[in-house]
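Here are some notes from my pass through the model, as promised.

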Amino acid sequence: MADPAKTLPLSSAKSLLFRSGNLFQRGLKLSHLRMIVAMEETGQISQAADMLQTSQPAASRLLSEMETILEARLCVRGSRGIEMTNAGRALARRARSMLIEIREAEREIEDIKHGGGTVFIGAVTAAAVDLVVPAIRTVQSINALLEAHVSVGPSHLLIKDLLAGDHDFVIGRVPEDMDPRQFNIREIRSEKIRLMVRAGHPLLAENKPVSLARLAKFEWILPPPGNLMRRTIEDVFISRHLPLPHSSLNSASLLVTLSTLSGTDAIAPMAEEVTSLLSIGGMIAELPFDGTIEIKPYSLITARGHRLSPSAQLVSDHILARIEKPELQNPQI
């Protein structure tokens, strides 16, 4: 007699695969999922076709097939392209998740076959320096075959890539114009800002904190308009009824900032974790001033409903361990 316990997984699988109304039984294919995601991404049937390297008639046929299978309108054509209906957005959201899971299954099987594993992480600069790199070093001391890919950039780009499945997780901030319910969010800590100048800057000779009013008279190197660090700096000046700092060079590039600092008397805001690393060489120094600047906390963010691969989960666990256990902040590896 068969063990009832052993029949439960099969029963569960049969229910999942063959229950009434199953879309794949009704003809939904992988090509349909790819098309609806491409349509939502581009807002154009023709551009979606180009993205999938197919013809526009073939793309239109896939759309028609999907609407027949679902018995629902998925988009409305207009002079400027297409606008997704609620049903279209719902299908695109689920399709994106399914495509990511299929890709993750392939990746996880490859990791099992070859060992080691891979992890794709997006992070703002401070978190990359202070959390991501040390956590990866720790994991690689245990598993030398782990391959890590780290992208550093502004949160809005990192989050976009996270939703596209290009990152396992992101350490950053959810943009204000995005629904936070799309994500699992574990807040970490705020980002302290330090003001950096070249070694030998005239303000360093005073050996005392400099007022923000004096700093306003110098040239600044700031991230592009709209950047959170820039907005935070500008808010501090506004709160003290001071004119906004002038920035003739706007760049989020650390190399561009360092190159400009080395030959000018400009002032550049940087995350504390980055300044601690850069000050070691003696080329730049922190400029003391009579105030503090903090950016709102960054978080460890994953896409809701997406399970991390074993390798990504291991790195994530080590990052959180560094937050929860201060003694791990400077591990000897």
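Predicted model: local features only at pLDDT ≥ 70, side-chain atom pairs only at ≥ 80, totals over all residues.

1. Let's begin with Gly 117. Setting aside anything up to four places away in sequence, Gly 117 is in contact with Asp 111, Leu 145, Leu 146, Glu 147 and Ser 311. You'll find Gly 117 in the loop that runs between α5 (86-114) and β3. Is Gly 117 buried or exposed? Its relative accessible area is 5%, so Gly 117 is buried, the cut-off for that being under 20%.

2. The protein has 333 residues, and 39% of them count as buried. Its secondary structure comes to twelve helices and eleven strands. If you take contacts between residues at least 6 apart in sequence, 73% of them join residues at least 24 apart. The accessible surface is about 18,600 Å², with 54% of that belonging to carbon and sulfur atoms.

3. Now for β6 (residues 183-198), which has several partners. β6 runs antiparallel to β11, with eight bridges joining the two, and Lys 192 stands opposite Glu 294 in β11. β6 is also antiparallel to β9, this time through four bridges. Strand β10 (residues 284-286) is joined to β6 by three bridges, again antiparallel.

4. Which residues stand opposite Met 196? In β9 the bridge partner of Met 196 is Ala 268, and in β10 Met 196 stands opposite Glu 286. Leu 195, for its part, stands opposite Pro 269 in β9.

5. Stay with β9 (residues 268-271) for a moment, as both of its faces are covered. Ala 268 and Met 270 are buried on one side, and Pro 269 and Ala 271 are buried on the other.

6. Next, helix α7 (residues 155-163). Its buried residues are Ser 155, Leu 158, Ile 159 and Leu 162. They span an arc of only 95° around the axis, so they sit on the same side of α7. What do the buried residues of α7 pack against? The list is β3 (118-123), β4 (147-152), β5 (169-172), β6 and β11. Just after the helix, Gly 165 takes a positive phi of about 85°.

7. Thr 302 brings several of these elements together. Thr 302 belongs to strand β11 (residues 294-303) and is buried, because its relative accessible area is 10% and the cut-off is under 20%. Beyond its sequence neighbours up to four places away, Thr 302 touches Leu 162, Asp 168, Phe 169, Gln 182, Phe 183, Asn 184 and Leu 308. Leu 162 in that list is one of the buried residues of α7.

8. Last, a look at the outside. Val 129, Leu 277 and Ile 280 form a nonpolar patch on the surface, and together they have about 290 Å² of accessible area. Val 129 is in helix α6 (residues 125-142). With a relative accessibility of 30%, Val 129 counts as partly exposed.

Technical notes. Residues numbered from 1 in each chain as written. Heavy atoms only, no water. Buried < 20%, exposed > 50% of the residue type's maximum accessible area, 1.4 Å probe, protein only. Contact = heavy atoms within 4.5 Å. Patch = residues over 30% accessible without salt bridge, like charges linked within 9 Å, V, L, I, M, F, W, Y side chains within 5 Å. Areas by Shrake-Rupley, 256 points an atom, 1.4 Å probe, with all protein chains shown as cover. Salt bridge = Lys/Arg side-chain N within 4 Å of Asp/Glu carboxyl O. Pairing = 2+ DSSP bridges. Arc of directions from axis to C-beta.
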